[in-house]
Amino acid sequence: MRLLLIEDNQRLADYLATALQNGGFAVDHVTTTADAEGAIATTHYDTLLLDLGLPDKDGLVWLGDQRRRQMTRPVLVLTARDSLEDLVAGLNQGADDYLRKPFELDELIARVRALLRRPGEALGVKLTTGNVSFDTSDREVTVDGVAVEFGRREMDGLELLMRRAGRVVPKSAIEDAIYSFGEDLASNAIEVLVHRIRRRLQDAGADMYIHTLRGVGYVLSDKAAGA
Ligand code: CA
(Lines give C-alpha, C1' and ligand atoms only; values in the text may rest on other atoms or scores of the structure.)
Protein backbone atom coordinates (compact mmCIF):
# COMPACT_ATOMS: atom_id res chain seq x y z
CA MET A 1 0.00 0.00 0.00
CA ARG A 2 1.48 3.29 -1.11
CA LEU A 3 0.65 6.62 0.51
CA LEU A 4 1.37 10.18 -0.55
CA LEU A 5 2.00 12.53 2.34
CA ILE A 6 1.47 16.20 1.40
CA GLU A 7 2.84 18.16 4.36
CA ASP A 8 5.15 21.18 4.41
CA ASN A 9 6.29 20.83 8.02
CA GLN A 10 9.44 18.80 7.47
CA ARG A 11 9.81 17.58 11.04
CA LEU A 12 6.22 16.45 11.28
CA ALA A 13 6.44 14.85 7.84
CA ASP A 14 9.59 12.89 8.76
CA TYR A 15 7.97 11.73 11.96
CA LEU A 16 4.74 10.65 10.22
CA ALA A 17 6.54 9.00 7.32
CA THR A 18 8.66 6.92 9.67
CA ALA A 19 5.64 5.88 11.72
CA LEU A 20 3.66 4.93 8.62
CA GLN A 21 6.58 2.99 7.19
CA ASN A 22 6.85 1.12 10.47
CA GLY A 23 3.12 0.46 10.10
CA GLY A 24 3.83 -1.32 6.82
CA PHE A 25 3.07 1.43 4.29
CA ALA A 26 5.25 2.78 1.51
CA VAL A 27 5.27 6.56 1.88
CA ASP A 28 6.23 9.30 -0.56
CA HIS A 29 6.48 12.80 0.80
CA VAL A 30 5.97 16.15 -0.93
CA THR A 31 5.69 19.65 0.53
CA THR A 32 3.62 21.50 -2.09
CA THR A 33 0.45 20.88 -4.08
CA ALA A 34 2.48 21.33 -7.28
CA ASP A 35 4.72 18.42 -6.30
CA ALA A 36 1.68 16.41 -5.20
CA GLU A 37 0.18 16.87 -8.64
CA GLY A 38 3.37 15.63 -10.25
CA ALA A 39 3.45 12.62 -7.94
CA ILE A 40 -0.14 11.51 -8.53
CA ALA A 41 0.29 11.93 -12.28
CA THR A 42 3.00 9.27 -12.34
CA THR A 43 2.35 7.01 -9.36
CA HIS A 44 -0.67 5.12 -8.10
CA TYR A 45 -1.36 6.00 -4.48
CA ASP A 46 -3.86 4.10 -2.37
CA THR A 47 -4.47 7.07 -0.11
CA LEU A 48 -3.42 10.72 0.12
CA LEU A 49 -2.69 12.41 3.46
CA LEU A 50 -3.25 16.11 2.98
CA ASP A 51 -2.19 19.02 5.16
CA LEU A 52 -4.32 22.12 4.54
CA GLY A 53 -1.86 24.94 5.13
CA LEU A 54 0.56 24.46 2.24
CA PRO A 55 2.95 27.05 0.82
CA ASP A 56 1.68 27.20 -2.76
CA LYS A 57 -2.06 26.60 -2.41
CA ASP A 58 -4.71 25.98 0.19
CA GLY A 59 -5.08 22.20 0.56
CA LEU A 60 -8.86 22.32 0.35
CA VAL A 61 -8.85 24.43 -2.81
CA TRP A 62 -6.42 21.97 -4.36
CA LEU A 63 -8.51 18.98 -3.29
CA GLY A 64 -11.64 20.54 -4.80
CA ASP A 65 -9.79 21.03 -8.11
CA GLN A 66 -8.55 17.44 -8.06
CA ARG A 67 -12.01 16.02 -7.39
CA ARG A 68 -13.42 18.03 -10.28
CA ARG A 69 -10.75 16.40 -12.44
CA GLN A 70 -11.98 13.00 -11.30
CA MET A 71 -9.17 12.22 -8.89
CA THR A 72 -10.86 9.45 -6.93
CA ARG A 73 -8.20 8.35 -4.43
CA PRO A 74 -9.23 8.44 -0.76
CA VAL A 75 -8.01 11.57 0.99
CA LEU A 76 -7.41 11.93 4.70
CA VAL A 77 -7.09 15.56 5.72
CA LEU A 78 -4.65 16.44 8.51
CA THR A 79 -5.68 19.75 9.91
CA ALA A 80 -4.86 22.07 12.75
CA ARG A 81 -7.91 24.10 11.86
CA ASP A 82 -10.57 23.07 14.25
CA SER A 83 -13.59 25.12 13.41
CA LEU A 84 -16.66 23.26 12.31
CA GLU A 85 -16.87 25.30 9.11
CA ASP A 86 -13.44 24.13 7.95
CA LEU A 87 -14.35 20.58 8.74
CA VAL A 88 -17.56 20.69 6.76
CA ALA A 89 -15.82 22.53 3.93
CA GLY A 90 -13.21 19.77 3.84
CA LEU A 91 -15.80 17.06 3.55
CA ASN A 92 -17.65 19.02 0.89
CA GLN A 93 -14.44 19.40 -1.14
CA GLY A 94 -14.09 15.64 -1.26
CA ALA A 95 -12.10 14.65 1.83
CA ASP A 96 -12.99 11.14 2.98
CA ASP A 97 -11.92 11.59 6.56
CA TYR A 98 -9.97 14.03 8.68
CA LEU A 99 -7.73 14.08 11.71
CA ARG A 100 -7.20 17.10 13.90
CA LYS A 101 -3.62 17.90 14.84
CA PRO A 102 -2.25 16.90 17.22
CA PHE A 103 -3.30 13.29 16.83
CA GLU A 104 -1.99 9.97 18.04
CA LEU A 105 -0.01 7.88 15.56
CA ASP A 106 -2.12 4.82 16.32
CA GLU A 107 -5.18 6.82 15.40
CA LEU A 108 -3.60 7.91 12.11
CA ILE A 109 -2.69 4.35 11.16
CA ALA A 110 -6.14 3.08 12.12
CA ARG A 111 -7.83 5.75 9.98
CA VAL A 112 -5.62 5.02 6.98
CA ARG A 113 -6.37 1.30 7.27
CA ALA A 114 -10.09 2.06 7.51
CA LEU A 115 -9.94 4.16 4.33
CA LEU A 116 -8.13 1.39 2.50
CA ARG A 117 -10.87 -1.02 3.43
CA ARG A 118 -13.42 1.26 1.81
CA PRO A 119 -11.73 2.63 -1.29
CA GLY A 120 -13.91 5.41 -2.64
CA GLU A 121 -17.64 5.16 -2.83
CA ALA A 122 -19.36 1.84 -3.22
CA LEU A 123 -20.36 1.95 -6.86
CA GLY A 124 -22.31 -1.27 -7.27
CA VAL A 125 -25.98 -1.75 -7.95
CA LYS A 126 -26.39 -3.90 -4.85
CA LEU A 127 -25.20 -2.21 -1.68
CA THR A 128 -24.84 -4.17 1.54
CA THR A 129 -23.98 -2.81 4.96
CA GLY A 130 -24.40 -5.15 7.91
CA ASN A 131 -27.76 -6.91 7.46
CA VAL A 132 -29.13 -4.08 5.31
CA SER A 133 -29.19 -4.54 1.53
CA PHE A 134 -30.21 -2.04 -1.09
CA ASP A 135 -30.84 -2.97 -4.69
CA THR A 136 -30.47 0.44 -6.31
CA SER A 137 -31.87 -0.62 -9.68
CA ASP A 138 -35.04 -2.24 -8.28
CA ARG A 139 -35.15 0.43 -5.53
CA GLU A 140 -35.68 -2.27 -2.94
CA VAL A 141 -34.32 -2.26 0.61
CA THR A 142 -34.21 -5.43 2.69
CA VAL A 143 -33.15 -6.10 6.26
CA ASP A 144 -32.18 -9.73 6.85
CA GLY A 145 -33.75 -10.48 3.49
CA VAL A 146 -37.14 -8.98 4.39
CA ALA A 147 -38.32 -6.02 2.28
CA VAL A 148 -38.77 -2.71 4.13
CA GLU A 149 -40.92 0.16 2.89
CA PHE A 150 -39.23 3.52 2.40
CA GLY A 151 -40.50 6.75 0.89
CA ARG A 152 -38.71 7.98 -2.23
CA ARG A 153 -36.64 10.62 -0.48
CA GLU A 154 -35.92 8.35 2.46
CA MET A 155 -34.60 5.82 -0.01
CA ASP A 156 -32.40 8.41 -1.71
CA GLY A 157 -31.01 9.43 1.67
CA LEU A 158 -30.33 5.85 2.66
CA GLU A 159 -28.58 5.17 -0.63
CA LEU A 160 -26.21 8.08 -0.05
CA LEU A 161 -25.46 6.92 3.50
CA MET A 162 -24.89 3.34 2.36
CA ARG A 163 -22.60 4.34 -0.50
CA ARG A 164 -20.46 6.15 2.05
CA ALA A 165 -20.99 3.75 4.93
CA GLY A 166 -18.54 4.34 7.75
CA ARG A 167 -17.72 7.81 6.52
CA VAL A 168 -19.14 11.20 7.38
CA VAL A 169 -21.84 12.43 5.04
CA PRO A 170 -22.29 16.20 5.50
CA LYS A 171 -25.83 17.39 5.95
CA SER A 172 -25.37 19.63 2.92
CA ALA A 173 -24.50 16.61 0.76
CA ILE A 174 -27.79 14.95 1.66
CA GLU A 175 -29.60 18.19 0.94
CA ASP A 176 -27.88 18.54 -2.45
CA ALA A 177 -28.57 14.93 -3.39
CA ILE A 178 -32.24 14.92 -2.50
CA TYR A 179 -33.70 18.36 -2.94
CA SER A 180 -33.55 20.38 -6.10
CA PHE A 181 -31.93 23.77 -6.18
CA GLY A 182 -34.15 26.54 -4.88
CA GLU A 183 -36.66 24.16 -3.34
CA ASP A 184 -38.19 25.60 -0.23
CA LEU A 185 -36.80 23.53 2.64
CA ALA A 186 -37.78 23.65 6.27
CA SER A 187 -34.64 24.24 8.35
CA ASN A 188 -35.03 20.82 9.98
CA ALA A 189 -35.92 18.94 6.78
CA ILE A 190 -32.79 16.79 6.78
CA GLU A 191 -33.07 15.98 10.51
CA VAL A 192 -36.66 14.88 9.97
CA LEU A 193 -35.73 12.81 6.95
CA VAL A 194 -32.81 11.10 8.71
CA HIS A 195 -34.97 10.48 11.76
CA ARG A 196 -37.51 8.63 9.59
CA ILE A 197 -34.85 6.54 7.86
CA ARG A 198 -33.31 5.69 11.21
CA ARG A 199 -36.66 4.63 12.66
CA ARG A 200 -37.50 2.42 9.69
CA LEU A 201 -34.13 0.71 9.96
CA GLN A 202 -34.53 0.21 13.70
CA ASP A 203 -38.08 -1.13 13.39
CA ALA A 204 -36.86 -3.64 10.81
CA GLY A 205 -34.09 -4.88 13.12
CA ALA A 206 -31.13 -3.40 11.23
CA ASP A 207 -27.74 -3.84 12.88
CA MET A 208 -26.58 -0.54 11.36
CA TYR A 209 -27.35 2.85 12.84
CA ILE A 210 -27.25 6.43 11.55
CA HIS A 211 -25.08 8.32 14.02
CA THR A 212 -25.37 12.11 14.22
CA LEU A 213 -22.30 14.34 14.36
CA ARG A 214 -23.90 17.50 15.59
CA GLY A 215 -23.48 20.39 13.17
CA VAL A 216 -21.52 18.25 10.72
CA GLY A 217 -23.52 15.39 9.31
CA TYR A 218 -24.23 11.70 9.65
CA VAL A 219 -22.43 8.36 9.62
CA LEU A 220 -24.01 5.00 8.92
CA SER A 221 -22.11 2.40 10.90
CA ASP A 222 -22.39 -0.38 13.45
CA LYS A 223 -24.91 0.26 16.16
CA ALA A 224 -22.24 0.10 18.82
CA ALA A 225 -19.69 2.23 16.95
CA GLY A 226 -20.79 5.62 18.16
CA ALA A 227 -19.70 8.65 16.18
CA1 CA B 1 1.26 23.21 6.90
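This note sets out, in numbered points, the main features of a predicted model.

1. The largest nonpolar core of the model holds 28 residues. Within this core, the residues with the most contacts are Val132, Phe150, Leu158, Ile174, Leu201 and Ile210. Both helices and strands contribute: helices H6 (152-163), H7 (171-178) and H8 (189-203), together with strands E7 (132-135), E8 (140-143), E11 (208-213) and E12 (217-222), each supply at least two residues. Helix H8 provides the largest share, namely 6 residues.

2. Ile210 is among the core residues with the most contacts. Leaving aside residues up to four places away in sequence, Ile210 touches Leu161, Val194, Ile197, Arg198, Leu201, Tyr218, Val219 and Leu220.

3. Packing of H6 against H8. The axes of these two helices come within 9 Å and cross at roughly 85°. Angles of 65 to 115 degrees count as roughly perpendicular, and H6 and H8 are therefore described as roughly perpendicular to each other. On the H6 side, the contact is made by Arg153, Glu154, Gly157 and Leu158; on the H8 side, by Leu193, Arg196, Ile197, Arg200 and Leu201. By class, this contact has 4 nonpolar, 1 polar and 4 charged residues. Leu158 and Leu201, which take part in the contact, are also among the residues with the most contacts inside the largest core.

4. Calcium site. The calcium ion in the model is coordinated by Asp8 (OD), Asp51 (OD) and Gly53 (O), at 2.2 to 2.3 Å. The spacing of these donor residues in sequence is D-x42-D-x1-G. Gly53, at 40% relative accessibility, counts as partly exposed.

5. With a relative accessible area of 15%, Thr142 is buried. Apart from residues up to four places away in sequence, Thr142 touches Asn131, Val132, Ser133, Ala147 and Val148. One of these partners, Val132, is among the residues with the most contacts inside the largest core.

6. Cis peptide bond. The peptide bond from Lys101 to Pro102 is cis, and its omega is near -5°. Pro102 is located in the loop between strand E5 (97-100) and helix H5 (105-117).

7. Positive phi at Gln70. Although Gln70 is not a glycine, its phi is positive, at about 70°. The residue sits in the loop between helix H3 (59-68) and strand E4 (75-79). Is Gln70 buried or exposed? At 60% relative accessibility, Gln70 counts as exposed, because the cut-off for that class is over 50%.

8. Positive phi at Asp144. Asp144 likewise is not a glycine and has a positive phi, of about 50°. Its position is in the loop between E8 and strand E9 (146-148). Asp144 counts as exposed, with a relative accessibility of 59%.

Notes
Residues are numbered from 1 along each chain as its sequence is written. This is a predicted model: local features need pLDDT of at least 70, side-chain atom pairs count only at pLDDT 80 or more; totals for chains, interfaces and linings use all residues. Side-chain values use heavy atoms; hydrogens and water are left out. A nonpolar core is a set of buried Ala, Val, Leu, Ile, Met, Phe, Trp, Tyr and Cys residues joined through side-chain atoms within 4.5 Å. Buried means under 20% relative accessible area, exposed over 50%, partly exposed in between (1.4 Å probe, protein chains only). Helices (H or I, at least four residues) and strands (E, at least two) are DSSP runs, numbered from the N terminus. Contact means heavy atoms within 4.5 Å. Donors are N, O and S atoms within 2.8 Å of the metal (3.2 Å for Na, K and Ca); water is not among the atoms, so sites may look incomplete. Axes are lines fitted to C-alpha atoms, for helices over the stretch in contact, and angles run from 0 to 180 degrees between N-to-C directions. Angles under 35 degrees count as roughly parallel, over 145 as roughly antiparallel, 65 to 115 as roughly perpendicular and the rest as oblique. Ala, Val, Leu, Ile, Met, Phe, Trp, Tyr, Cys and Pro count as nonpolar, Asp, Glu, Lys and Arg as charged, and the others, Gly among them, as polar.
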